[in-house]
Amino acid sequence: MKNSKVALNVLSGALSVLILILILFAIVKVGTVAYDLGYRVFTEPALEREPGRDVIIQLKRGMSEMELGSLLEEKRLIDNGIVFAIQLRLSAYSDKLKPGQYTLNTSQTAKEMMQIMTGEEIEEQ
């Protein structure tokens, strides 16, 4: 009887430690993914070096950030449409994009593309 209680206590302790390790692993994994996404949102470089290649896109009235991000990703202007949608949502350009046809370049950053689609001049770096 005493041996079974000891074995049960050891097994319970081992299971508790295993669950704690799994929870810590999940926290580290989620933190790593969140950091990577945050880093990419604020530091995403242009897809290609200058001179890049020009691509014409059509920005339609009522197009969502996700739809625009998907379009730019499909046209190979950006690497990830979801990251672009987040960048746009967090930027000052979120509600300022104007429908129309635009010529964008693969050597432009997401911010430069947003500036073009709002009709603003691109800031020289």
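A search of the whole structure, which is a predicted model, finds 1 cavity of 30 Å³ or more. The largest cavity has a volume of about 110 Å³, and of the 15 residues that line this cavity, the closest to its centre are Glu44, Pro45, Ile78, Asp79 and Ala110. Helices α3 (81–90) and α4 (110–118) each supply at least two residues of the lining, with α3 giving the largest share, 3 residues. By residue class, the lining of the largest cavity divides into 9 nonpolar, 4 polar and 2 charged residues.

| Salt bridge | Closest N and O atoms |
|---|---|
| Arg89 and Glu65 | 3.0 Å |

The salt bridge between Arg89 and Glu65 links distant parts of the chain, since Arg89 lies in helix α3 and Glu65 in helix α2, 24 residues apart. Salt bridges that share partners join Arg40, Glu44 and Asp79 into one network.

Arg89 counts as exposed because its relative accessibility is 55%, which is over the 50% cut-off, whereas Glu65, with a relative accessible area of 16%, is buried, and Asp79, at 44%, is partly exposed.

Another exposed residue is Phe42, with a relative accessibility of 66%, and Phe42 lies in helix α1 (residues 2–43). Although Phe42 and Lys111 are 69 residues apart in sequence, their C-alpha atoms are 10.0 Å apart in space.

Key
Residues are numbered from 1 along each chain as its sequence is written. This is a predicted model: local features need pLDDT of at least 70, side-chain atom pairs count only at pLDDT 80 or more; totals for chains, interfaces and linings use all residues. Side-chain values use heavy atoms; hydrogens and water are left out. On a 1 Å grid over the protein atoms alone, a cavity is a set of points where a 1.4 Å probe fits but cannot get out, and a pocket is an open set with protein on both sides within 12 Å along at least five of seven lines; lining residues have an atom within 4 Å of a point. Grid points are joined across faces, edges and corners, and a volume is the space filled by probe spheres set on the points. Helices (H or I, at least four residues) and strands (E, at least two) are DSSP runs, numbered from the N terminus. Ala, Val, Leu, Ile, Met, Phe, Trp, Tyr, Cys and Pro count as nonpolar, Asp, Glu, Lys and Arg as charged, and the others, Gly among them, as polar. Buried means under 20% relative accessible area, exposed over 50%, partly exposed in between (1.4 Å probe, protein chains only). A salt bridge is a side-chain nitrogen of Lys or Arg within 4 Å of a carboxyl oxygen of Asp or Glu.
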